[in-house]
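Please keep the sequence and the model open while going through the points.

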Amino acid sequence: MNTVFLNGEFMHADQAQVSVFDRGFLMGDGVYEVIPVYSGLPFRLPQHMQRLQNSLDGVRMQNPYTNEEWSGIIAKLVDQNGPGDQAIYLQVTRGVAPRDHIFPEGVEPTAFVMTNPIKPMPESYKAEGIKAITVKDIRWAQCDIKAITLLPNSLLRQQAQDEGAQEALLIRDGYMTEGSASNSYVVKNGVLYTSPKDKKVLPGITRDFILELADKAGISYREEAVSETELQQADEIWISSSTREVLPVTTLNNQTVGQGKPGPVWKLIDDLYQRYKRDGSV
């Protein structure tokens, strides 16, 4: 990462500075997006832009740029910071104002964009699967907003790390919602299940793409909450995110999932995903 974008200007990352009175710094008052870039092309940019707008609307914040302007900013950063697959991080905060719980008036939002190389997942994650634990979902009630206030997610992900796992699957009222930094899935009797899009989960762009791949592959799927008991009896468990794509979970709470290896439904979806990255089609 060399060049970043901050409030209308492209600059070297070392030159980027934000006021200590920015509400993102003082109050976590902001939203963000993470957009993967494959072969120089942002993945599903219109969908990411729509989710950004939904998040901004959800926290009553104005969008500082049009979709066309965002697209131009992203294209320039990708060009300057390439080559190779990248992850765009885009953040908008309410801006600089005296600290107060009431929204300030007449304040310009702070807009920041950077890119980072997407690090390939360890080969063992796909060959052997990853480990996960279940934890109580302690987050707020509007998880459909992609807010920068990620302390609960970080606490839960760190708990998984401390227990030798790569992800924490969140349980709320006896049902799985998603991962601490991912959407989550269960395969049972050949049917793919994932939580419905409501305020308890982030409407993942990768999640929607996976369901499209499942539909094209003739895999039945249901957007339906899975109970903790059903989760423990799953044939396959997966997670997905913009930077981790789709990964199989083969150990849950130190217990084997299914046959203890990445399952056939996951393999089919992952093959289609990788084909899309290579060829732009499935």
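1. The structure is a predicted model. Please read every value below with that in mind.

2. Length of helix 2. Helix 2 covers residues 45-58, which is 14 residues. From its first C-alpha to its last, helix 2 reaches 20 Å, close to the 20 Å expected at 1.5 Å a residue.

3. The buried side of helix 2. Which residues of helix 2 are buried? They are Leu 45, His 48, Met 49, Arg 51, Leu 52, Ser 55 and Leu 56. Seen down the axis of helix 2, these buried residues fall within an arc of 160°, so they line one face of the helix.

4. After helix 2 comes Arg 60, which has a positive phi, near 60°.

5. Two loop residues with positive phi. Ser 39 sits in the loop between strand 3 and strand 4. Its phi is near 55°, a positive value in a residue other than glycine. Is Ser 39 buried or exposed? Ser 39 is exposed, at a relative accessible area of 64%. Asp 173 belongs to the loop between strand 8 (167-172) and strand 9 (175-179). Phi of Asp 173 is also positive, near 55°, and this residue too is not glycine. Asp 173 counts as exposed, because its relative accessibility is 72% and the cut-off for exposed is over 50%.

6. A cis peptide bond. The bond from Gly 82 to Pro 83 is cis, and its omega is near 0°. Pro 83 is placed in the loop between helix 3 and strand 5.

7. Ile 88 is part of strand 5. Its relative accessibility is 0%, so Ile 88 counts as buried. Which residues does Ile 88 contact, leaving aside neighbours within four places in sequence? Among them are Val 34, Ile 35, Ile 74, Val 78, Val 113 and Met 114. Glu 33 is another contact of Ile 88. Ile 88 and Glu 33 are 55 residues apart in sequence, yet their C-alpha atoms are 7.8 Å apart in space.

8. Side chains of opposite charge can pair when their charged atoms come close. The count for this model comes to 15 salt bridges. One of them joins Asp 137 and Arg 172, with the closest N and O atoms 3.2 Å apart. Asp 137 lies in the loop between strand 7 (130-136) and helix 5 (151-162) and Arg 172 in strand 8, so the pair ties together parts that are 35 residues apart in sequence. Both Asp 137 and Arg 172 are buried. Another salt bridge is formed by Glu 178 and Arg 139, at 2.7 Å from N to O. Because Glu 178 lies in strand 9 and Arg 139 in the loop between strand 7 and helix 5, this pair ties together parts 39 residues apart in sequence. Glu 178 is buried, with a relative accessible area of 3%, and Arg 139 is buried, with 11%. Asp 137, Arg 139, Arg 172 and Glu 178 are linked in a network of salt bridges.

9. The side chains of Glu 223 and Arg 207 form a salt bridge at 2.5 Å, N to O. This pair links distant parts of the chain, 16 residues apart, with Glu 223 in strand 12 (residues 221-223) and Arg 207 in helix 6. Glu 223 counts as partly exposed, at 40% relative accessibility, whereas Arg 207 is buried, at 1% relative accessible area.

10. A nonpolar patch on the surface. Which residues form the nonpolar patch? They are Val 20, Phe 21, Phe 25, Leu 26 and Val 96. Together they have about 480 Å² of accessible area. Phe 21 is in the loop between strand 2 (9-12) and helix 1 (23-27).

How values were computed. Residues numbered from 1 in each chain as written. Predicted model: local features only at pLDDT ≥ 70, side-chain atom pairs only at ≥ 80, totals over all residues. Heavy atoms only, no water. Helix = DSSP H or I, 4+ residues; strand = E, 2+ residues; numbered from the N terminus. Expected span 1.5 Å × (residues − 1). Buried < 20%, exposed > 50% of the residue type's maximum accessible area, 1.4 Å probe, protein only. Arc of directions from axis to C-beta. Patch = residues over 30% accessible without salt bridge, like charges linked within 9 Å, V, L, I, M, F, W, Y side chains within 5 Å. Areas by Shrake-Rupley, 256 points an atom, 1.4 Å probe, with all protein chains shown as cover. Salt bridge = Lys/Arg side-chain N within 4 Å of Asp/Glu carboxyl O. Contact = heavy atoms within 4.5 Å.
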